[in-house]
Amino acid sequence: MKQIWEQIINGTADYLKNHGFHKTVIGLSGGIDSSLVAVISVAAVGQKNTLGVMMPSPHSSMGSVKDAELLSKNLGFKTLKIPIHPLMDSFNSALAEAFNGYQEDTAEENIQARIRGVLLMALSNKYGSILLNTCNKSEDYVGYCTLYGDTCGGIAPIGNLYKTDVYKLARWINKQPDLPDIPDAILTK
């Protein structure tokens with residue numbers, strides 16, 4: 001795990017430096033993938049250059065929001081909270097006629113992810129930061145990452161890790177005295 005950690009940190013830091021980026025933006029869901037990417041960002045560019053963005057929706061659990069807040073406190077980086085409920089309502093209203101007669105399904109779920117992707121890209125552009133993609137290899141292979149939602153970002157630091165390796169690396173990080181902890185609630189969800 002130490003070798004994987006060092007490769008990811010060095011690769012991420014080199015990529016950002018070579019492309020002129022000194023700051024990152026991360027969609028912070030309170031899940032393991034975004035949490036691990038946040039730890040990577042802090043190690044690669046520092047606390048002051050990492051921004052976590054929480055975008056709660058009507059479907060977000062209070063636990064996920066609390067876990068994301070605790071992670072940012074543990075790592076010492078700034079966060080923004082942008083509720084997306086009003087944006088979801090706008091999309092639902094705009095699509096009401098076209099979706100008339102259809103049951104709610106993955107179309108609406110994917111719109112939620114795409115709203116988040118648009119907001120993250122806007123913040124990335126406005127702040128001159130790079131958005132870090134939080135997809136892992138397992139989810140990318142089976143299509144679990146939402147196109148133009150979860151897959152937004154200029155680099156995917158954990159894109160070569162299977163989900164099992166994401167958990168292994170996170171647990172390894174929590175055993176290192178010089179690295180901040182990922183909250184246990186995130187690891188056990």
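Analyst: In this predicted model, strand 2 is covered on both faces. Thr50, Gly52 and Met54 lie on one side, Leu51 and Val53 on the other, and all are buried. That makes five of five residues buried in strand 2.

Now the neighbours in the sheet. Strand 1, residues 24-27, pairs with strand 2 in the parallel sense over four bridges. Within this pairing, Thr24 stands opposite Thr50. To get from strand 1 to strand 2, the chain passes through helix 2, and this β-α-β crossover is right-handed.

Strand 3 also pairs with strand 2. The two run parallel and are joined by four bridges. Here Gly52 has Thr79 of strand 3 as its bridge partner. Strand 2, helix 3 and strand 3 form a β-α-β unit, and it is right-handed.

Take helix 2 next. Ser41 sits in this helix. Its relative accessibility is 1%, so Ser41 counts as buried; the cut-off for buried is under 20%. Leaving aside residues up to four places away in sequence, Ser41 touches Thr24, Ile26, Gly46, Thr50 and Leu132. Two of these names have come up already: Thr24 and Thr50 stand opposite each other in the strand pairing.

Now helix 3, residues 62-75. Its 14 residues, at 1.5 Å a residue, should span 20 Å. The end C-alpha atoms are 20 Å apart, which agrees.

Which residues of helix 3 are buried? They are Ser64, Val65, Asp67, Ala68, Leu71, Ser72 and Leu75. These residues cover an arc of only 160° around the axis, so they fall on the same side of helix 3. The spacing fits a general rule. An α-helix has 3.6 residues a turn, so residues three or four places apart point the same way.

What does that buried side meet? The buried residues of helix 3 pack against helix 2 (32-45), strand 2 (50-54), strand 3 (78-81) and helix 8 (184-188). The face turned away from the buried side carries Met62, Lys66 and Lys73, which are exposed.

Just after helix 3, Gly76 takes a positive phi of about 75°.

To put it together: strand 2 pairs with strand 1 and with strand 3.

Definitions and conventions
Residues numbered from 1 in each chain as written. Predicted model: local features only at pLDDT ≥ 70, side-chain atom pairs only at ≥ 80, totals over all residues. Heavy atoms only, no water. Expected span 1.5 Å × (residues − 1). Buried < 20%, exposed > 50% of the residue type's maximum accessible area, 1.4 Å probe, protein only. Arc of directions from axis to C-beta. Contact = heavy atoms within 4.5 Å. Pairing = 2+ DSSP bridges. Right-handed = clockwise from strand over helix to strand, strands pointing away.
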